[in-house]
Amino acid sequence: MRLPWLGNSRRASRQPSSPNIYHTEIIADVAVPERGETVRFFSRKLVRPGKLRSVSNRDLRESVLSLFYLGVAAVLPIAWWAPICDWVSTLRRKRYFRKEFARYDVAIKAVLGDDADTRSLFKGHLAGAHRRRLMLAAHLVPGRRWSPAIRLEGIDGLRQALQRGRGAIVWCDQFIAQTIMGKRALFEAGIEAHQVSVNFHGFSESKFGLHVINRPLVEVENRFLKSRIVFERADAYQVTVRIQKTLKENGVVLMTNTIHAGSTFTEIAMGEHGWTHLASAPANFAARAGAALFAMSTLETVPFREYRAIVSPELKPNAAQPASLPAKDVAAKNLVLQAGYILLKRDRLLDAIRLYPDQMMAWSGASRLAGQQDQPAIGGDAA
């Protein structure tokens, strides 16, 4: 979108920005008999790269908000922070309700039931997005010593798993506090973690956003990380090798639940009658490398004062992969094992969402993703 005061541009009309175009199809429906559920695996292949914007209207808004929240964090007492975020979130609330609330309403009720107060949750969701920005600003202000209480649960299970020497994967949910506070919780507990992330990690996906707006967030996160493994679709093999090496060295790898970076993802039932999408990469690495897999949710219990970082017990599916099978059978058994991991992860995610649904940044909906419907089931009677 062009900034309205720049006038007409022949170049802009000739080369408009556009999203990446993908081809998505079903790989397999994988039955997990002991759970009575099925996990659907999708492939996602890039058909046509989009045209990246140099700058966007969103960049202007994010720049103004960044400067504003830096001033708030530098000058005002912490007691004022949450009310200010609530107030700022009302400035464009009508627009968000008009454009996004209908889809949010359907998604929430599909997961939590028709009795959910979706209007209140949506208002909290908008305010939470601003608290996330102010969390970042509070870490950037020179001399500001912001030390909220962070309660980390489940860390002993992670440490015990590392004693086996095969590394651990922490599969993080997209709650507003996870990006910074989740990493900070692990760091302060003495866990040196490696974060897997996409190149455009942050608030903007333009060229300007990559180099200016997103950089402070990445730099703050890096304070609490041992390293960052940047995922690019063009060099997926090199990223895979680096992750495998980190796990072999008994490292801790953080993966965020996003389906946009990898070439496969999954779809499973969620809550009352909803469907959600989970990345398959964490389950795949755990199944292939034998690394311990944990789920993690970081929740804001009292805005800017108290946080709760929950590391689940180790996810251990019942399915076991025999060591000596033909390659095709091993691949099928690997999908069965992945499906078990994914259902366990879904359970932990649903527990966290029920605690603070308004803090969840990404939702799916009530309808299944369309795709080829004639794929064979794996892991059930037909396998």
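## Cavity

A cavity is a set of points, on a 1 Å grid over the protein atoms alone, where a 1.4 Å probe fits but cannot get out. Grid points are joined across faces, edges and corners, and a volume is the space filled by probe spheres set on the points. By this rule the predicted model has 1 cavity of 30 Å³ or more. The largest cavity has a volume of about 40 Å³.

Its lining (residues with an atom within 4 Å of a point) consists of Arg132, Met135, Ile176, Thr179, Ile180, Phe203 and Leu217.

## Basis of the model

This is a predicted model, in which local features need pLDDT of at least 70, side-chain atom pairs count only at pLDDT 80 or more, and totals for chains, interfaces and linings use all residues. Residues are numbered from 1 along each chain as its sequence is written, and side-chain values use heavy atoms, with hydrogens and water left out.

## Overall build

The protein has 12 helices and 12 strands. These are DSSP runs numbered from the N terminus: helices are H or I with at least four residues, strands are E with at least two. Of the 383 residues, 45% count as buried (under 20% relative accessible area; exposed is over 50%, partly exposed in between; 1.4 Å probe, protein chains only).

The accessible surface comes to about 19500 Å², by the Shrake-Rupley method with a 1.4 Å probe. Carbon and sulfur atoms hold 53% of that surface. Contact means heavy atoms within 4.5 Å. Among contacts with a separation of 6 or more, 75% join residues 24 or more positions apart.

## Helix H7

H7 spans residues 178–188 and is largely enclosed by the rest of the structure, because 9 of its 11 residues are buried. The buried residues are Gln178, Thr179, Ile180, Met181, Gly182, Lys183, Arg184, Ala185 and Leu186. Gly190 follows H7, with a positive phi near 90°.

## Strand E11 and Glu306

Glu306 sits in strand E11 (residues 306–311). Glu306 is partly exposed, at 40% relative accessible area. Beyond neighbours within four places in sequence, Glu306 contacts Ala149, Leu299, Glu300 and Thr301. Ala149 is 157 residues from Glu306 in sequence, yet the two are 4.7 Å apart, C-alpha to C-alpha.

## Helix H8 and Val212

Val212 lies in helix H8 (residues 207–213). Val212 is partly exposed, with a relative accessible area of 42%.

Definitions and conventions:
1 Å grid on protein atoms, 1.4 Å probe; cavity = no way out; pocket = protein on both sides within 12 Å on 5 of 7 lines; lining within 4 Å.
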